[in-house]
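Subject: Structure handover

Hello,

Here is the structure I promised to pass on. Please open it first, then read the notes below.

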Amino acid sequence: GPLSLRVAKSLGVDLSRHRSRTLNEDMLSQFEVVVVMEGSHMKSIQDLNPHFGGVVIPLGSFDEQGMNFSIPDPHGKDHKTFVDTYSRIMRCVEKLAEHIPEKK
């Protein structure tokens, strides 16, 4: 929603062209690694494809501030919750990026 877009923009991220999609089995078959936000997402992947051979990683596991692995959706929450959530996501994504080998 509008709050989500404003908070992201204040943190230097343009989400105006972002559109979320529901993960399906065809999409899942294209990935070797899936990064999830919440524990329920891990279960959803297992339910979608119990034989998924890739790696499922909680994004929150990259948070060096030692918080819970789960990063709850801030939808419907206040401005501060959005800022805290987006800041945590950015912190975790930066650490995750350090583990991704560069293509040559």
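Leaving aside its neighbours within four places in sequence, which residues is Phe62 in contact with? They are Ile57, Cys92, Lys95, Leu96 and His99. Contact here means heavy atoms within 4.5 Å.

Before the rest, some ground rules. This is a predicted model, in which local features need pLDDT of at least 70 and side-chain atom pairs count only at pLDDT 80 or more, while totals for chains, interfaces and linings use all residues. Residues are numbered from 1 along each chain as its sequence is written, and side-chain values use heavy atoms, with hydrogens and water left out.

Back to Phe62. Its place is the loop between strand 2 and helix 4. Helices (H or I, at least four residues) and strands (E, at least two) are DSSP runs, numbered from the N terminus. Phe62 has 15% relative accessibility, so it counts as buried. The cut-offs are these: buried is under 20% relative accessible area, exposed is over 50%, and partly exposed is in between (1.4 Å probe, protein chains only). Lys95 is 33 residues from Phe62 in sequence. In space, their C-alpha atoms are 5.9 Å apart.

Aromatic rings

I searched the whole structure for aromatic pairs. There is one. The ring centres of Phe82 and Tyr86 are 5.8 Å apart and the planes stand at 70 degrees, so this pair is edge-to-face. For the rule, rings of Phe, Tyr and Trp (its six-membered ring) pair if their centres lie within 6.5 Å; planes under 30 degrees apart are stacked, over 60 edge-to-face, and the rest tilted.

Why are Phe82 and Tyr86 separated by about one helical turn? Because they are four residues apart in helix 4 (residues 79–97). Phe82 is buried, at 7% relative accessibility. Tyr86 is buried too, at 15%.

Ser4 sits in helix 1 (residues 2–10). At 14% relative accessibility, Ser4 is buried.

Salt bridges

How many salt bridges does a search of the whole structure find? Six. The term means a side-chain nitrogen of Lys or Arg within 4 Å of a carboxyl oxygen of Asp or Glu. Side chains of opposite charge can pair when their charged atoms come close.

- Asp63 and Arg88 meet through their side chains, at 2.5 Å from N to O. This pair links distant parts of the chain, 25 residues apart. Asp63 is in the loop between strand 2 (55–58) and helix 4, and Arg88 is in helix 4. Both residues are buried, with Asp63 at 6% relative accessibility.
- Arg91 also forms a salt bridge with Asp63, and the closest N and O atoms are 3.0 Å apart. Again the pair links distant parts of the chain, here 28 residues apart, with Arg91 in helix 4. Arg91 is partly exposed, at 26% relative accessible area.
- Lys95 and Glu98 form a salt bridge between their side chains, at 3.5 Å from N to O. Lys95 is partly exposed at 25% relative accessibility, whereas Glu98 is exposed at 57%.

Which residues do salt bridges with shared partners join into one network? Asp63, Arg88 and Arg91.

Best wishes
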